[in-house]
Amino acid sequence: MRPYEVFASRFGVRIAFNSELIVEMNQRYYLLNPRLKKIMQADFYYGGLYLGKIGPNGGFFPSFNLLNMLIAIVANKIVINQKAAWLFICGRDVFRSGVVKIMGSKHKGDVTLVLNEFGECLGFGSVMDGLASSEGEVAVRNVLDVGDFLRREKRS
Amino acid sequence: MSGKQFFIDRYAKLGWQFKEIQLTQSIRINQTNAKAKNLPVRLRKLGVDTEKILFLPMGYWIPRSVVSPGATAEYLLGLYSIQEAAAQIPALLFTALGGKMVLDACAAPGGKTTQLADLMNNSGSIIALDINKTRLTAMANHLDRCHISNTAVYNLDARQANTLNLNFDRILLDVPCSGNFTSDDQWFRRRTLADIEQNSKVQKEILSAVVKCLSPNGEMVYSTCSLEPEEDELNMDWAVKNLGLCIQKVDCIGVDGLTEVFGKKLDSQVANCKRIWPDQTQGFFVSKLKKVQAS
């Protein structure tokens with residue numbers, strides 16, 4: 001399985017792209033449209049829809065394009081309120097008090113998408129004990145959030 | 001030949017009285033991503049006031065904001081981009097972008113590339129080039145954030161665009177230029193006429209190379225954020241006389257391109273360009289070119 005397929009399987013779903021339209025460059029994966037596929041040259045820097053990359057420790061970092069594709073098909077999702085959303089995109093974990101709605105698993109260690117009140121994907125995290133229990137505990141540990149775009153800008 | 005007074009005198013000879021400019025920040029809504037999301041209302045709830053820019057279809061001024069417009073969830077989700085108002089004009093000058101093969105020849109950091117992709121609704125294809133690899137990192141982040149799917153990026157000098165062996169229906173040539181004082185408070189101290197002439201030379205080289213990739217009925221938009229005629233009207237006059245191009249009239253803010261520059265008379269078509277002197281926006285220059293058709 002390709003790394004993005006392995007990643008999707010952590011959510012219990014299977015995704016399949018036309019493998020002829022997938023290209024890899026520097027351990028980054030891109031999904032091309034058929035027209036781009038025809039004209040792409042080997043030495044590209046970026047192409048089509050970015051799906052994610054292999055990080056320095058060998059783990060797969062999904063793109064937000066990939067997470068958006070998963071919204072419609074995965075079961076594990078939580079919706080969080082505006083204050084929790086702000087804290088989440090600042091890299092913080094989600095506390096139970098910020099969770100408005102839970103869909104799918106409450107089991108510790110499972111992964112879940114984190115959505116705002118508009119149903120937009122802010123990132124994903126791993127479920128903690130707090131999701132199924134009291135208000136004061138961490139419900140979802142932040143793994144990746146859209147604030148990463150700002151952090152990348154600061155790093156570069 | 002440099003210094004603030006030197007340039008102020010030049011602008012006066014070109015018909016513009018210098019004044020200090022305080023720019024208002026502006027954004028462009030990414031219509032592909034923000035459709036039916038009522039973004040101005042969402043932003044107001046966050047303390048970001050917006051005001052429609054009347055001369056831009058998706059542009060809004062940010063007259064007041066209690067948070068950084070570049071740090072909201074809406075920005076990070078690609079619902080809008082921060083883009084100076086005049087810089088939103090060049091991509092709007094093309095006709096019928098949907099499904100087209102487009103070259104963005106000097107693309108980084110990618111604000112206009114994402115605008116083109118948005119206007120194309122991610123259809124067709126964009127080939128985006130930039131010579132500066134470090135600027136491509138920012139460009140990749142822009143494309144990723146805005147969920148662009150129709151663009152391929154190469155670390156390539158626009159002067160080598162023909163090595164791609166592709167012909168383009170539309171070419172955006174937002175060439176590297178000397179900039180202007182509205183976006184750089186040290187501009188008058190830094191710039192000399194020699195710099196401007198060097199930039200003008202590079203711009204002509206880029207024009208000469210890129211025109212070879214333009215389809216016979218294709219359109220090319222040339223733009224700079226320079227107020228210096230060597231990078232603007234004089235280059236367009238040169239392109240008409242040397243590259244077999246004609247200049248189409250464009251409909252946007254600004255005054256007609258100058259047809260007489262420091263005593264030199266230029267081709268009358270140069271009046272079809274638009275020169276945007278700094279006022280509400282930064283200074284800018286735009287021109288739309290096509291190949292002269294053989295009769």
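A residue is buried if 20 or more other C-beta atoms lie within 10 Å of its own, exposed if 12 or fewer, and partly exposed in between, with C-beta atoms placed from the backbone. The model is predicted: local features need pLDDT of at least 70, side-chain atom pairs count only at pLDDT 80 or more, and totals for chains, interfaces and linings use all residues. Residues are numbered from 1 along each chain as its sequence is written, while chains are lettered from A and ligands numbered from 1 in the order in which they are written.

**Exercise 1. Determine whether B:His147 is buried or exposed, and describe its surroundings.**

Step 1. Locate the residue: B:His147 is in the loop between H6 and E7 of chain B. Helices (H or I, at least four residues) and strands (E, at least two) are DSSP runs, numbered from the N terminus.

Step 2. Apply the cut-off: B:His147 has 21 C-beta neighbours inside 10 Å and therefore counts as buried.

Step 3. Inspect the backbone: phi of B:His147 is near 55°, a positive value in a residue other than glycine.

Step 4. The 13 residues of H6(B) should span 18 Å at 1.5 Å a residue, and the end C-alpha atoms are 19 Å apart, which agrees. The expected span is 1.5 Å times one less than the number of residues. Among the buried residues of H6(B) are B:Leu136, B:Met139 and B:Arg145.

**Exercise 2. Classify A:Asn26 as buried or exposed.**

Step 1. A:Asn26 sits in the loop between strand E1 (22-25) and strand E2 (28-31) of chain A.

Step 2. A:Asn26 counts as exposed because it has 7 C-beta neighbours inside 10 Å. Its phi is positive, about 50°, although A:Asn26 is not a glycine.

**Exercise 3. State the order of the strands in the open sheet of chain A.**

Step 1. The four strands have the order E1-E2-E4-E5, with antiparallel pairing; two strands pair if DSSP finds at least two bridges between them.

Step 2. E1 and strand E5 (60-62) of chain A stand at the edges, each with a single partner strand, so one side of each lacks a neighbour in the sheet.

Step 3. Check one pair: E1(A) and E2(A) are joined in the antiparallel sense over four bridges, and A:Ile22 has A:Leu31 in E2(A) as its bridge partner.

**Exercise 4. Describe how chain B meets chain A.**

Step 1. Count the residues: 22 residues of chain B are in contact with 28 residues of chain A. Contact requires that the C-beta atoms of two residues, placed from the backbone, lie within 7 Å.

Step 2. Find the contributors. Helix H4 (73-76), helix H6 (133-145) and strand E7 (151-155) of chain B each supply at least two residues of the side that touches chain A. The largest share of this side, eight residues, comes from H6(B).
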